Amino acid sequence: MQISQRNRAILQVSLSEGMPTLNIAVAGSAGRMGRALLEAVERAPDLRLSAALERSGSPYLGKDAGELIGAPCGIEITDNVDAALDGSAVLIDFTRPEGTLLHVARCREKNVKMVIGTTGFLPEQKEALRTASRDMAIVLAPNMSVGVNVTLKLLETAARVLNEDYDIEVIEAHHRHKVDAPSGTALLMGEVVAKALGRELSEAAVYSREGHTGERVAGSIGFATVRGGDIVGDHTVMFAGIGERIEISHKASSRATFAEGALRAARFLADKRNGMFDMQDVLGLRR
């Protein structure tokens, strides 16, 4: 099997199994999501952990990344982004917007693809990602879960059929450590519903209610946020009509579902040179 120098990081031939292997770097490797990603990569026969990144000053720097999941692998956790990317084909990043954007800049220069599950991007930061995607391949999704992305298709159908006759509320719950609200998934659900109804979420969304609010504004999409304990991620969209109520829900019990979705996204990017994609593209759900 001939592999060009440029693509040597993309496909590594496994001598033991004779199968092509995709080299994966994980950002935020010591975090909750990072550890789930390490475990998922360890289980995947077609993937290989090539680098594990952590922030400067992290107490985990220099440690074996595999020790975080009870399976030493010989990959030291580092804060040297350039060194980590040199042998990697795809960087999976579930960190914070500022850190992710720094990683995007380095990946753009080094021709490394990115799977981004980071949430909380400002509009101008999202625009920076779109600009970068002209030169590199990116999968950007606030939720990598296969189930959530199937749920999005159900929401689109429900919104188109129910249309103006039902009031819509998005309720989400996450663990106490989550720093952005509403969640990126809740906002994406709102965007899908709004688009199906021919609206802009920025004009229809109601993010808080307090005091004497008056009657509900027709056509609005309400959001409610819960933070507590170790809730991995619960999302419900309620369509409340006269005489009936329809609720479409997704509840995550483990971060493994997000990790497995991220790995599907990484595989999807293997033959992509540039472009901005999401999980609807990865799963073939795009209409």
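In what order do the five strands of the open sheet come?

1. The order is E9-E10-E8-E11-E12, with mixed pairing (two strands pair if DSSP finds at least two bridges between them; strands are DSSP E runs of at least two residues, and helices are H or I runs of at least four, both numbered from the N terminus). E9 (205-206) and E12 sit at the edges with a single partner strand each, so one side of each has no neighbour in the sheet.

2. Before you dig in: this is a predicted model, where local features need pLDDT of at least 70 and side-chain atom pairs count only at pLDDT 80 or more, while totals for chains, interfaces and linings use all residues. Residues are numbered from 1 along each chain as its sequence is written, and side-chain values use heavy atoms, leaving out hydrogens and water.

3. E11 (residues 233-240) has antiparallel links to E12 (residues 245-252) through eight bridges, with Met-238 partnered by Glu-247. Four residues separate the strands of this hairpin, and Gly-243 takes a positive phi near 90°. E11 also pairs antiparallel with E8 (residues 167-174) over seven bridges; there, Glu-172 stands opposite His-235.

4. Now for helix H5 (residues 146-162): its 17 residues reach 25 Å from first C-alpha to last, close to the expected 24 Å (1.5 Å times one less than the number of residues). Ser-145 caps the N-terminal end, with a side-chain oxygen 3.1 Å from the backbone nitrogen of Gly-147. Just after H5, Asn-163 has a positive phi of about 50°.

5. Buried residues of H5 include Val-148, Leu-152, Leu-155 and Ala-159 (buried means under 20% relative accessible area, with a 1.4 Å probe and protein chains only).

Notes
Buried means under 20% relative accessible area, exposed over 50%, partly exposed in between (1.4 Å probe, protein chains only). A polar contact is a pair of N or O atoms within 3.5 Å; within protein, one must be able to donate a hydrogen and the other to accept it, and residues adjacent in sequence count only if both atoms are side-chain atoms.
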